[in-house]
Amino acid sequence: MSLWPYSVFLLLFILLTSSNANNEQRLHLKRLQRTHQSNSPSCYSQKSKSENGATILEMQHKDYCSGSVTNMNRNHQKQLIVDDDIRVRSIQASIKNIISGKIETLSQTKIPISSGVKLHSLNYIVTVTLGGRNTTVIVDTGSDLTWVQCQPCRLCYNQPEPLFNPSVSPTYHKVVCNSSVCQTLQSATGNSGQCGNDLQDCNYVVSYGDGSYTQGELGQDHLVLGSTSVENFVFGCGRNNKGLFGLASGLMGLGRSDLSLISQTFETFGGVFSYCLPSAEAKSSGSLVLGGDSNTSIFKNSTPISYTRMLANPQLVTFYFLNLTGFTIGGVAIQDSGFGKSGMIIDSGTVITRLPPTIYKAVKAEFLKQFSGYPFKQGISILDTCFDLSAYEEVNIPTVKMQFEGGGEMEVDVTGVLFIVKSDASQVCLALASLQYDDEIGIIGNYQQKNTRVIYDIKQSQVGFAKETCSF
């Protein structure tokens, strides 16, 4: 008997099973259920290194730097209901104000009114050295101004590190009011600067949608990123700070305006940076890479890097805009006329990805078609597609991919498709949400970016994606 027909059958079987495997991923629920821990890991004085001309900073999730996580269920609900939802709605309102030409002066801003546009859930932290002292800051691509809490402080939230004291730093000096640097505050914070009482200080304020804020004056000091020195780095010296910043000492702005760290270090790093955001599991680390070739060998990606162009938006210079052209669930392409018509913001701060209503409706319908047979559970706030998976140790979920203009593609990690609201898996939700209106701007959140190398190349005006198991 000829073996040829059997060989063809075997080949077809392998192709079909491989295709099915690529369209599904296995999620081990028991591994993701959050465990109680009495001691928080050390998230301060994180490691750094240099490779092939790039500076690499260890990156961790701030939730595991805040002590006990025994109340994770309550904290998750609070984060979703109070923070992420309010924040994204505030972003949309603030963007509309900017587009309409409404600019606030510092004297018009009332803290803690939600007037800023940098309104994100700030989740990932790195350690830098400012004025000779180690400082742990939250990383945010949707903010421009880097700031830290300073002495003397009129109102400061608790942090384990000593407050930055400009009076003991020999390299610190103030930014003079009415200087060109001071005038850049408008694009960086959404508020114009104002002179202090002595007509010398350049005062700033950044207020956030959840009631958080920072207020102080601009200064300059010596910044060290790994082994790379940055002279006269401009940052905010916060004298009046309040909000949900965890135990971090401040924030690092990786946006696109002149005051962002990326712009201030352009000559050193060439406008190239990337990150791999780790899962929010204990001892899980990722990396923030500054500089190097955008195709550098220092990455540990398991798939080739695919690129898409950044969209230009002169009115919203802070954000990184991409053109979402497609969406697949388990290999099935979602059909919707809304693809490719408006830009989406990619952000390291916002947690849950927000899609235009018609696109979300189509994505949700296809997901439910493929992820069937599981008992439903009541939704929670912005997450309206939930299940009770407490009886399962593992489930197969359809692979989720986002396609972008020019062939760029981001495959969502298996841990970024479902959001475990309750630690016993009795409430697990599709980790996507709908915007309120079709004319609002979509946001690609950090929950869907986990275990992905995301590369920002400002000079080439492109963003790249590749799968990578985050580590340092």
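A polar contact of 3.1 Å joins the side chains of lysine 174 and aspartate 201; such a contact is a pair of N or O atoms within 3.5 Å, where within protein one must be able to donate a hydrogen and the other to accept it, and residues adjacent in sequence count only if both atoms are side-chain atoms. Aspartate 201 sits in the loop between strand S10 (194-195) and strand S11 (202-207). Its relative accessible area is 13%, so aspartate 201 is buried; buried means under 20% relative accessible area, exposed over 50%, and partly exposed in between, with a 1.4 Å probe and protein chains only.

Before going further, a word on how to read this structure. It is a predicted model, in which local features need pLDDT of at least 70 and side-chain atom pairs count only at pLDDT 80 or more, while totals for chains, interfaces and linings use all residues. Residues are numbered from 1 along each chain as its sequence is written, and side-chain values use heavy atoms, with hydrogens and water left out.

## The chain as a whole

The protein chain has eight helices and 32 strands. Both are DSSP runs numbered from the N terminus, with helices (H or I) of at least four residues and strands (E) of at least two. Of its 472 residues, 56% count as buried. The accessible surface of the protein chain is about 19,600 Å², and 50% of that belongs to carbon and sulfur atoms; the areas come from the Shrake-Rupley method with a 1.4 Å probe, and for residues only the protein chains shown count as cover. Among contacts with a separation of 6 or more, 73% are between residues 24 or more positions apart, a contact being heavy atoms within 4.5 Å.

How confident is the predictor? The protein chain averages a pLDDT of 81, and 76% of the residues score at least 70; pLDDT is the predictor's confidence in each residue, from 0 to 100. Over residues 8-19 the pLDDT is below 50, and this stretch has zero contacts in the model beyond near neighbours in sequence. Residues 67-72 also stay under 50, but here the model has twelve contacts beyond four places in sequence.

## The nonpolar cores

Nonpolar side chains tend to be buried together in soluble globular proteins. Here the largest nonpolar core has 69 residues, and Leu225, Met252, Leu288, Phe327 and Leu389 have the most contacts inside it. A nonpolar core is a set of buried Ala, Val, Leu, Ile, Met, Phe, Trp, Tyr and Cys residues joined through side-chain atoms within 4.5 Å. Strand S18 (residues 320-329) gives the most to this core, with five residues. Apart from it lies another core of 17 residues, including Leu145, Leu218, Leu251 and Leu259.

Phenylalanine 327 is worth a look in your viewer. Not counting residues up to four places away in sequence, Phe327 touches Val332, Ala333, Ile334, Phe339, Leu355, Val363, Val400, Lys401, Met402, Gln403 and Leu432.

Strand S18 is mostly covered, with nine of its ten residues buried. Two strands pair if DSSP finds at least two bridges between them.

| Strand pair | Bridges | A bridge pair |
|---|---|---|
| S18 and S20 (residues 343-346) | four | leucine 322 and methionine 344 |
| S18 and S25 (residues 400-404) | five | phenylalanine 327 and methionine 402 |
| S18 and S19 (residues 332-333) | two | isoleucine 329 and valine 332 |

S18 and S19 form a hairpin with two residues between them, and glycine 330 in the turn has a positive phi of about 55 degrees.

In strand S15 (residues 272-276), five of the five residues are buried. Side chains alternate between the two faces of the sheet in a regular strand. Both faces of S15 are covered, with Val272, Ser274 and Cys276 on one side and Phe273 and Tyr275 on the other.

## A four-stranded sheet

An open sheet of four strands runs in the order S22-S23-S28-S27, with antiparallel pairing. Strand S22 (376-377) and strand S27 (418-420) stand at the edges with a single partner strand each, so one side of each is left without a neighbour in the sheet. S27 pairs with strand S28 (residues 428-430) over three bridges, and leucine 418 stands opposite leucine 430 in S28.
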